[in-house]
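Thanks for coming. I will go through one part of a structure today, and I will keep it short.

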Amino acid sequence: MANKIYVANEQTVQSVKTEVNSIHSKVGSGSDASSASTVFGKLNGIGAKVSDLLAPLAQKIGNTADTASQQTLFGKLKAVKDDVSRINTNTVRGAVKSVQRGIVTFNDNDYSSRNEKYIDRTVTISSVNPSKSLILLNNSLAGTSNTATTSDGTVWAHEMRGEQSTVKSFDATNFVLTPCYQKYQDGRNPSSSGTTRYGSVSWQVIEFF
């Protein structure tokens, strides 16, 4: 038995074609504007609104190139990373950056007969930051003023005008010490010039991070 072929009439074909064209027009294309009344137009409109909503969030998030000073999520993460790095560095090295030590011995060169003036001593050091440093001194002499009584009851003084060294000034590469000495004066003879006993001072300059 031979196969039968059915051919739709022209009216049916036109109806189907019209319906297909209608569907195509409603779907539209990917290039449709967001204002177009098509499926792609509506989707593009939704995409645009989503982009508008996400833009401020993206701005707050930033990107991996942001610096620690930028007010973004990546900027804050960079700041935290930098802080942790500094803490680790100082923890490994310790709080003390450098220590310098020395001894200063005073002598007659630190005294001028003019107005009985004792001369300060300048100590040169490797460069430090004075605002992050301190100086420790250990004097070998203490300032004293002793008295004694003679057999006739006279009270007289000796070893007076004792002075310990102090730091007079301090900058990046040196500091100035006042002299360490004891001026011996026989109280029974005030007009005598007396003698001077000089001392030594050990010092430390400690610089911190």
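What follows covers a sheet, a loop residue beside one of its strands, and a nonpolar core. Keep in mind that this is a predicted model.

I start with the sheet. Three strands make up an open sheet, in the order E4-E10-E9, and the pairing is antiparallel. At the edges are E4, residues 121–124, and E9, residues 167–170, each of which pairs on one side only. From one strand to the next, the twist averages 20 degrees. E4 and E10, the latter spanning residues 174–177, are joined by 4 bridges. In one of the pairs, Arg121 has Leu177 in E10 as its bridge partner.

Next, the loop between E10 and E11, where Thr178 lies. Is Thr178 buried or exposed? Thr178 counts as buried, because its relative accessibility is 18% and the cut-off for buried is under 20%. Its side chain reaches the backbone nitrogen of Thr166 at 2.9 Å. Leaving aside neighbours within four places in sequence, the contacts of Thr178 include Phe106, Asp120 and Lys168.

Last, the core. The largest nonpolar core has 16 residues, and those touching the most other members are Phe106, Val123, Ile125, Phe175, Leu177, Trp203 and Val205. Of the elements, E13 gives the most, with 3 residues. Taking Val205 from that list, and not counting residues up to four places away in sequence, Val205 touches Ile125, Leu134, Phe170 and Phe175, among others.

That is where I stop.

Note on methods: Residues are numbered from 1 along each chain as its sequence is written. This is a predicted model: local features need pLDDT of at least 70, side-chain atom pairs count only at pLDDT 80 or more; totals for chains, interfaces and linings use all residues. Side-chain values use heavy atoms; hydrogens and water are left out. Two strands pair if DSSP finds at least two bridges between them. Helices (H or I, at least four residues) and strands (E, at least two) are DSSP runs, numbered from the N terminus. Axes are lines fitted to C-alpha atoms, for helices over the stretch in contact, and angles run from 0 to 180 degrees between N-to-C directions. Buried means under 20% relative accessible area, exposed over 50%, partly exposed in between (1.4 Å probe, protein chains only). A polar contact is a pair of N or O atoms within 3.5 Å; within protein, one must be able to donate a hydrogen and the other to accept it, and residues adjacent in sequence count only if both atoms are side-chain atoms. Contact means heavy atoms within 4.5 Å. A nonpolar core is a set of buried Ala, Val, Leu, Ile, Met, Phe, Trp, Tyr and Cys residues joined through side-chain atoms within 4.5 Å.
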